[in-house]
Amino acid sequence: MKLSFSNFLILSASSIASFANAQDKIVGGTEVTPGRYTYQAALVDGSGSQFCGGSLIGAGYVLSAAHCAGGVSAVQIGRHDLSDSSEDFENIKVVKEIKHPNYNDDTLENDIMILKLESDSSAQPVQYDTGSANTSAGEDVTVMGWGTTQSGGSASDLLLEVEVDIVSNSDCESDYGSGQITDVMLCAARSGKDSCQGDSGGPLVIVGSDASSDVQVGIVSWGNGCADPSFPGVYARVSEFTDFIECVLSGGTDECGNTGLGGGDDWWGDWDDDNATWGDDSWGNNTDDWDDDYGFGGGIIDVIIDLIYAIIELLSSLSRK
Ligand code: 4AZ
């Protein structure tokens, strides 16, 4: 994951400290029963190396963390032992990384992304929490991945899982410091157990009787070290992103989740939403629109249009004051 410089300093110190009580799995976990988590996805780069996790939420869509964006080449669904190339799994090319438009890579707010796949997976997807799951402090939740088995340690070839307890946002904020844990995050911890580097983007679920009854409540996002008793693991809180997820699953892309330019409930946002080909879709942001078709793609025209939108949005917000 990405770390701010101050987090990096804390992480460096805490990884030295946690070295002393290193655990041996995900951190403190166990090997998954192969095939249990049908929806678990390995995100791989151009050379086929796994670097993040994800979860199948619809036949053609994988949910992951925005901080995993940039080089997702394909997803592999149905994997268990990454060192076993003879495994029977789906390798599906990614055609678009749809990051939440308000993802902030300093604060890691809105650390959510959906990958659009070139073709459908036939695996059982996971249900995602739209607000009815119980995410009270103390609830048991499970996280899985091929990430490192200790902070700064080496990754696991085998898919590992670990059960942790939900920690309230207020307790988590007292651990991390004021303002660091917002409503769009969810924390979880248990002594000696945690997600870690390389698990990012993977699902945190309330386990049901089988894959079809599991409910995903979190996405592995960040933390200071791993299984450090002073710092819970931090996850994107899935129920806060129902609109974003449903917009993407119904075919949307760059306009989804946009509460800023061309999104919000100010007069400009409303007008722009009504005129849906402006601002969000056809102009400025996209890679396959008229301006790109006419050869200006991603260039100065986009910048100028975005600037005009920014000015309009600013004037609009001033007029609301
Ligand atoms: C990471 O670096 C990371 N303990 C993921 C999860 C956690 C810490 C770090 C949570 O991707």
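This is a predicted model: local features need pLDDT of at least 70, side-chain atom pairs count only at pLDDT 80 or more; totals for chains, interfaces and linings use all residues.
1. Start with confidence. The pLDDT of the chain averages 82. A score of at least 70 is reached by 73% of the residues.

2. Next, the overall make-up. The chain has 321 residues, and 45% of them count as buried. Its secondary structure consists of seven helices and 14 strands. Take the contacts between residues at least 6 apart in sequence: 67% of them join residues at least 24 apart.

3. Now the barrel. Six strands form a closed barrel, in the order β2-β3-β4-β7-β6-β5. The pairing is antiparallel. On average, neighbouring strands of this sheet are turned by 40 degrees against each other, direction ignored. In general, strands of a sheet pair through backbone hydrogen bonds.

4. Strand β2 covers residues 40-44, and strand β5 covers residues 74-77. Four bridges join them in the antiparallel sense. L43 has V75 of β5 as its bridge partner.

5. V75 turns up again in the core. The largest nonpolar core has 73 residues. V75 and A188 have the most contacts inside it. Neighbours within four places in sequence aside, the contacts of V75 include A41, A42 and L43. G54, V62, I92 and V94 are also among them. L115 and L117 are in contact with V75 too.

6. Which face does helix α3 bury, and against what does it pack? The helix spans residues 242-249, and its buried residues are F244, I245 and V248. Seen down the helix axis, these residues fall within an arc of 95 degrees, so they line one face of α3. They pack against β3 (50-58), β4 (61-64), β6, β7 and β8 (127-128). Of these strands, β3, β4, β6 and β7 are listed in the barrel.

7. β12 has pairing partners. Strand β9 (residues 140-145) pairs with β12 in the antiparallel sense, over two bridges. Strand β13 (residues 215-222) also runs antiparallel to β12, and four bridges join the two. L204 figures in both pairings: V143 stands opposite L204, and L204 stands opposite G218 in β13.

8. Last, a loop residue. D105 lies between β6 (90-99) and β7 (113-117). Is D105 buried, exposed or partly exposed? D105 counts as partly exposed, because it has 16 C-beta neighbours inside 10 Å. The cut-offs are 20 or more for buried and 12 or fewer for exposed. D105 and H67 are 38 residues apart along the chain, yet 7.1 Å separates their C-alpha atoms.

Definitions and conventions:
Residues are numbered from 1 along each chain as its sequence is written. Two residues are in contact if their C-beta atoms, placed from the backbone, lie within 7 Å. pLDDT is the predictor's confidence in each residue, from 0 to 100. Two strands pair if DSSP finds at least two bridges between them. A nonpolar core is a set of buried Ala, Val, Leu, Ile, Met, Phe, Trp, Tyr and Cys residues joined through C-beta atoms within 7 Å. Axes are lines fitted to C-alpha atoms, for helices over the stretch in contact, and angles run from 0 to 180 degrees between N-to-C directions. The arc is that of the directions from the helix axis to the C-beta atoms.
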